[in-house]
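Q: Before going through the features one at a time, could we look at the structure together?

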Amino acid sequence: MGEFKVHRVRFFNYVPSGIRCVAYNNQSNRLAVSRTDGTVEVYNLSANYFQEKFFPGHESRATEALCWAEGQRLFSAGLNGEIMEYDLQALNIKYAVDAFGGPIWSMAASPSGSQLLVGCEDGSVKLFQITPDKIQFERNFDRQKSRILSLSWHPSGTHIAAGSIDYISVFDVKSGSAVHKMIVDRQYMGVSKRKCIVWGVAFLSDGTVISVDSAGKVQFWDSATGTLVNSHLIANADVQSIAVAEQEDSFVVGTAEGTVFHFQLVPVTSNSSEKQWVRTKPFQHHTHDVRTVAHSPTALISGGTDTHLVIRPLMEKVEVKNYDAALRKITFPHRRLISCSKKRQLLLFQFAHHLELWRLGSTVATGKNGDTLPLSKNADHLLHLKTKGPENIICSCISPCGSWIAYSTVSRFFLYRLNYEHDNISLKRVSKMPPFLRSALQILFSEDSTKLFVASNQGALHIVQLSGGSFKHLHAFQPQSGTVEAMCLLAVSSDGNWLAASGTSAGVHVYNVKQLKLHCTVPAYNFPVTAMAIAPNTNNLVIAHSDQQVFEYSIPDKQYTDWSRTVQKQGFHHLWLQRDTPITHISFHPKRPMHILLHDAYMFCIIDKSLPLPNDRTLLYNPFPPTNESDVVRRRTAHAFKISKIYKPLLFMDLLDERTLVAVERPLDDIIAQLPPPIKKKKFGT
Amino acid sequence: MVEEENIRVVRCGGSELNFRRAVFSADSKYIFCVSGDFVKVYSTVTEECVHILHGHRNLVTGIQLNPNNHLQLYSCSLDGTIKLWDYIDGILIKTFIVGCKLHALFTVAQAEDSVFAIVNKEKPDIFQLVSVKLPKSSSQEVEAKELSFVLDYINQSPKCVAFGNEVNFVLLVFCFVPKISFLKKRNFFFTPRFTLSSSRNKKHAKNNFTCVACHPTEDCIASGHMDGKIRLWRNFYDDKKYTYTCLHWHHDMVMDLAFSVTGTSLLSGGRESVLVEWRDATEKNKEFLPRLGATIEHISVSPAGDLFCTSHSDNKIIIIHRNLEASAVIQGLVKDRSIFTGLMIDPRTKALVLNGKPGHLQFYSLQSDKQLYNLDIIQQEYISDYGLIQIELTKAAFGCFGNWLATVEQRQEKETELELQMKLWMYNKKTQGFILNTKINMPHEDCITALCFCNAEKSEQPTLVTASKDGYFKVWILTDDSDIYKKAVGWTCDFVGSYHKYQATNCCFSEDGSLLAVSFEEIVTIWDSVTWELKCTFCQRAGKIRHLCFGRLTCSKYLLGATENGILCCWNLLSCALEWNAKLNVRVMEPDPNSENIAAISQSSMGSDLFVFKPSEPRPLYIQKGISREEVQWGVFVPRDVPESFTSEAYQWLNRSQFYFLTKSQSLLTFSTKSPEEKLTPTSKQLLAEESLPTTPFYFILGKHRQHQDEKLNETLENELVQLPLTENIPAVGELLHTPAHVLPSAAFLCSMFVNSLLLSKETKSAKEIPEDVDMEEEKESEDSDEENDFIEKVQDTNNTGLGEDIIHQLSKSEEKELRKFRKIDYSWIAAL
């Protein structure tokens with residue numbers, strides 16, 4: 001495996017923004033997650049919870065509601081008063097419609113999926129008709145006195161429940177008038193609070209309305225009579241979210257104390273048909289407010305201010321005990337936020353609204369394996385580049401030579417030229433971008449920094465020639481006819497001849513840059529690509545998929561390599577396949593062609609293709625083979641996967657030169673320290 | 001134990017009331033609890049013991065109401081019998097002989113003729129749950145050998161077994177694994193439906209089950225765990241879909257759980273001494289009843305639903321109202337801590353005094369087997385936690401006929417850090433209690449080994465002597481401590497004596513108070529109590545002196561000392577020479593205050609033996625071998641109020657006083673000469689039950705309140721000639737009301753008699769004499785209420801004759817006889833059941 005000098009970088013001050021809404025789509029088994037900065041992410045739960053798609057956020061667009069309608073159309077509404085639909089193919093916003101009711105607090109799609117309901121600040125509930133390419137305002141319901149914070153349809157689509165401040169209204173959809181108004185008790189543990197906010201409602205098919213409110217109560221109402229049936233006090237703080245299973249036999253609520261409670265419909269006695277709702281298990285996976293919950297058929301999904309997306313499978317619903325039955329905590333995005341200039345030892349960090357350029361520190365000291373070396377020169381913060389406008393940065397890249405920086409927002413593409421004069425840096429923006437380079441999903445520089453590859457959101461791939469301070473558009477690969485699928489992963493060979501591009505679902509295309517034509521397409525695979533890279537010299541394309549499979553494809557031969565076939569035949573180690581996080585970066589050692597370096601958030605691995613593959617009986621994680629053993633024993637126990645778990649959570653790892661690695665870590669404690677303080681709870685014995 | 005001889009060792013109260021869950025009667029008027037070999041019936045209102053159900057020959061291990069007749073009670077015992085009682089009259093109705101040790105008893109309403117019991121048959125540590133079929137038979141003793149096996153390898157404790165609603169299932173817990181057995185009517189089959197893996201959460205692996213309870217109406221099981229959590233299981237018919245809720249408040253193990261009758265709330269208790277009520281089984285909605293004094297061992301709920309009760313580790317039962325207010329406390333002898341003070345007799349109340357609750361002295365009435373009161377000595381909040389070194393009350397002594405009480409408390413965390421405090425308490429006549437008079441910090445440099453008052457009658461000044469390991473003995477006298485603000489008295493040190501720096505181990509005043517004997521390890525020193533001069537020393541070189549006492553009355557010239565090497569020495573104070581010695585390994589040596597006798601209990605490998613002797617002669621008056629298998633720790637002579645007159649020489653030592661002793665396992669034993677028949681107390685205590693009768697029309701007929709009214713009437717209207725008859729004194733009425741209704745002849749038959757009885761008779765009797773008579777009788781009877789191991793079933797006879805004597809005739813004799821005949825017939829009819 002060899003010894004490396006490792007730059008252990010912990011100054012990437014990245015804090016993911018809190019989760020505001022989640023929406024689960026049963027048809028495609030996908031989960032849409034919106035964050036407080038307006039970012040919307042789509043996770044494919046079937047593909048090992050991979051973050052397939054993402055829509056960058058916008059400062060003025062605070063998403064308050066998110067829902068799937070009419071199959072697989074995703075809508076969001078926010079405090080700017082607009083309803084938006086997302087284009088899941090082209091990865092952009094299709095359109096935005098103002099609801100004219102002030103900020104929108106809630107949104108719900110009808111059970112049939114053809115209508116959309118929004119609750120607004122002014123107390124109005126508005127019904128929209130979903131047409132194939134737009135949404136159409138239909139009518140208003142009776143206006144309420146205060147904002148509508150939650151909405152729920154009756155499964156038959158005839159009634160809706162709307163939670164407001166201090167009361168819940170039940171509307172008849174046909175007439176649009178309020179049938180019942182159910183006043184919520186303001187009492188909180190015997191103390192009267194100023195207001196009781198109904199954070200969530202759920203309408204069950206038997207007519208029961210379940211409400212959760214800021215007094216910590218979960219209440220069951222009979223919508224036929226408008227009376228309170230049952231009340232569970234579950235928290236000292238707000239209960240902020242509720243989600244009901246499709247079978248209506250269980251639901252989940254999330255509280256501001258970070259606890260998620262599961263309620264189940266349980267028969268009272270074995271031989272009676274009478275059933276009752278019982279609070280069963282509490283789950284404490286969050287430290288902060290659980291702003292939103294979702295209930296998939298097999299799991300409880302929750303997210304909140306502490307930025308984790310937690311997927312807690314229900315043991316009784318899981319058929320086989322595989323890694324689907326394990327708890328998942330997703331904190332970091334499944335894409336690269338860091339790029340690295342190997343030549344100048346620079347790191348470019350991408351934040352929502354700015355970029356940071358750092359020069360790595362250096363040392364003259366040497367030491368044994370495992371030693372921490374003292375720095376002779378500290379890391380330098382060279383540059384802080386703020387974006388213009390309210391839009392979030394989609395992607396960014398620094399050229400390997402370190403003299404170019406490119407980044408893109410939804411509407412604009414920026415390219416900068418960096419000049420180094422001793423310790424001074426000067427930055428010059430390359431102006432006069434061509435109009436087709438408006439927004440990019442992925443940017444990549446060639447190894448010699450002479451070419452820039454841009455994947456635009458129209459599905460095209462642009463090649464730009466960079467020379468001196470100038471800039472020249474060479475070619476654009478247009479997408480295959482008929483598809484508008486956006487490419488979101490790029491890889492270029494070190495000789496600059498080959499460019500590989502991958503979309504969200506279709507296979508990987510390989511282009512010949514010299515001849516400017518499509519060379520081949522890697523056979524399609526069921527799971528999305530999480531990372532890819534082209535090996536130097538051999539021009540083998542290494543592809544990692546979200547189901548943790550790794551393929552090696554020879555571009556010149558247009559077929560999988562023998563090693564890849566052997567791996568597929570033998571299969572990966574079961575522990576390798578059970579890892580939680582996808583591989584986000586692949587790189588190669590310049591002097592050892594048999595090595596592939598790859599990492600996910602919790603491990604760093606070097607695959608040595610010359611060694612035998614491990615089978616299920618061998619130990620996958622054997623960090624350091626004992627040095628006192630003879631070479632024969634070491635050779636016998638050694639296998640192709642050398643795994644190190646020292647650095648975690650690992651956001652980026654790359655080889656700077658033959659003997660130097662850079663690892664960017666982001667400890668979770670540092671993120672929690674930057675979050676607002678959680679609700680203080682007395683802990684016994686403290 | 002020694003059945004043939006006339007003097008027998010009998011257990012005298014103080015047995016554990018908290019051994020099993022207490023049981024309420026259906027109307028919540030009575031509460032039943034097991035107490036050693038007996039079942040005690042207490043009134044829930046007055047806290048008085050109404051009946052003691054004698055009959056079992058070994059420890060009673062379970063009681064349950066008869067579900068088919070709520071006026072009857074089942075009890076089971078280690079002697080292998082199940083007995084059915086009529087608890088209102090305190091009568092044994094039937095005995096079912098099962099033949100193997102029964103450890104717990106459960107009754108269910110659906111299984112009419114069978115009960116469930118935990119037995120161990122073959123091996124001593126394998127317990128089985130069986131259903132016992134109780135055959136219908138008219139005879140008193142029935143063999144019930146038809147056991148049908150339900151479950152094997154279960155926990156011995158009945159807390160780990162619970163029966164579900166409508167007996168759909170039995171839930172059992174064996175350490176980690178709960179088992180549910182589903183019972184179909186009459187034929188049982190067993191399916192272990194779910195098992196909890198012990199390592200469900202490996203981080204807190206203390207989730208052993210401690211107790212279980214079943215919801216009365218729903219299919220819900222509550223289980224208590226070692227880590228203080230309560231889990232509510234539901235939907236347990238399905239191996240996979242079962243689900244549970246967790247309630248967590250207790251920080252230590254949950255000792256017991258009980259659902260309320262309707263199932264709306266769950267009660268739990270544990271070491272925190274707090275009763276927690278979980279309403280609607282939700283974590284947020286809970287109520288507390290804190291400061292119950294000691295660990296809650298058991299919780300039970302009355303069938304009527306209005307009362308709860310908690311049994312505590314300090315031998316106490318607290319009856320609690322539905323609104324979580326403690327309404328009554330039944331306190332037995334506190335026994336869960338070691339006794340440092342020994343047994344003492346309070347000269348005023350004649351109560352036995354010893355360590356009680358932590359930091360308290362308990363005053364325990366031997367006659368009525370209940371605690372009179374607790375005196376808080378240490379006066380600090382007790383924090384119960386493992387590993388804390390508490391302040392211990394180590395010594396106490398009464399002086400000056402109960403006017404003074406001296407106590408010593410100490411706390412020693414390390415060898416060098418001793419906290420010592422002596423307190424002197426004065427009896428206050430006004431408040432009828434002890435009031436702290438003097439507090440002395442560090443009266444000695446080291447532990448106090450002995451404490452004694454000068455109890456001579458003529459002594460003009462109260463004197464107290466303390467002996468300590470620091471080599472000194474100190475004499476404390478009461479002096480005037482008045483100042484300009486108030487008149488007061490206080491104790492000060494008068495004299496400090498020592499002898500060659502030896503540790504002082506014992507001290508003792510002679511009967512007249514003129515001499516003080518202090519032992520310094522092996523040497524006994526005699527001091528003049530007026531001048532505090534050393535008079536003489538005795539040294540036997542036979543080991544350290546363990547006990548020291550002066551002879552009494554005619555033997556006051558002798559001084560007795562028992563040494564650690566097993567030598568008992570008797571010195572003559574006049575000749576200053578050893579009178580005699582004997583080889584006896586004395587553990588307890590107690591002089592009888594009313595005679596010359598001295599009782600010594602020796603310890604041998606076989607057990608403990610009692611020797612009673614006079615100091616004047618080395619030959620013992622009385623020897624009883626094997627009074628107890630275990631070590632006897634303390635003993636005391638209790639003077640009798642009414643001297644007995646035993647003529648036999650061997651028993652004369654029991655004439656004036658009774659000897660009580662306490663063994664290592666804290667059972668309080670005494671010697672009794674009476675045969676079991678004699679000892680039986682007539683059921684005059686039934687009268688106590690009447691006090692708690694509700695004000696119904698019957699009460700007005702029976703009622704005592706009438707008496708007061710009448711008295712007033714008599715006072716105000718003295719001229720009035722017609723005196724109302726006092727219904728309670730009319731035997732016809734009394735008998736009519738005392739006889740159970742179901743055995744009375746028809747009302748038409750009784751009517752004329754009843755009406756006749758209400759007519760005024762010509763004899764004019766003072767109304768007041770009669771109840772007084774009754775009271776006196778009662779007192780006498782209750783004096784010797786020592787419980788007996790044996791029981792002879794002849795209650796009725798004594799009862800009848802007892803009542804018959806009391807009757808003041810207002811009826812013609814023939815009528816009365818007739819009525820009594822009915823009663824006799826009736827009872828035999830009961831017996832034939």
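A: Contact here means heavy atoms within 4.5 Å. The model is predicted. With that cut-off, the buried residues of H1(A) pack against strand S50 (550-554), strand S51 (559-560), strand S53 (595-599) and strand S54 (604-608) of chain A.

Q: Which residues of helix H1 of chain A are buried?

A: Buried means under 20% relative accessible area. In H1(A), residues 562-570, the buried residues are Trp563(A), Ser564(A) and Val567(A). They cover an arc of only 100° around the axis, so they lie on the same side of H1(A).

Q: Which exposed residues does the face of H1(A) turned away from the buried side carry?

A: That face carries Asp562(A) and Lys569(A), both exposed.

Q: Where are Asn315(B) and Cys576(B) found?

A: Each is in a loop between two strands of chain B. For Asn315(B) the strands are S27 (307-312) and S28 (316-321). For Cys576(B) they are S48 (567-572) and S49 (577-583).

Q: Is Asn315(B) buried or exposed, and what is the relative accessible area of Cys576(B)?

A: Asn315(B) is buried, at a relative accessible area of 2%. Cys576(B) is partly exposed, with a value of 41%.

Q: Which residues does a cis peptide bond join in chain A?

A: The cis bond joins Lys648(A) and Pro649(A), with omega at about -10°. Pro649(A) is in the loop between strand S55 (641-644) and strand S56 (650-657) of chain A.

Q: How do I read the contact between the chains?

A: Start with its extent, then look at who contributes. Chain A and chain B bury about 1,700 Å² between them, and 52% of this is on carbon and sulfur atoms. Ser270(A), Arg279(A) and Glu316(A) supply 25% of the area that chain A buries against chain B, more than any other three residues. By residue count, the contact takes 22 from chain A and 19 from chain B.

Q: Which elements give two or more residues to the side of chain A that touches chain B?

A: They are strand S23 (227-233), strand S26 (260-267) and strand S27 (275-283) of chain A. S27(A) gives the largest share, 5 residues. By type, the residues on this side divide into 10 nonpolar, 8 polar and 4 charged.

Q: How many helices and strands does chain B have?

A: Chain B has 9 helices and 56 strands. Of its 833 residues, 53% are buried. Among contacts in chain B between residues at least 6 apart in sequence, 46% join residues at least 24 apart.

Terms used: Residues numbered from 1 in each chain as written. Chains lettered and ligands numbered in written order. Predicted model: local features only at pLDDT ≥ 70, side-chain atom pairs only at ≥ 80, totals over all residues. Heavy atoms only, no water. Buried < 20%, exposed > 50% of the residue type's maximum accessible area, 1.4 Å probe, protein only. Helix = DSSP H or I, 4+ residues; strand = E, 2+ residues; numbered from the N terminus. Arc of directions from axis to C-beta. Buried area = accessible area lost by both parts, 1.4 Å probe. Nonpolar A, V, L, I, M, F, W, Y, C, P; charged D, E, K, R; others polar.
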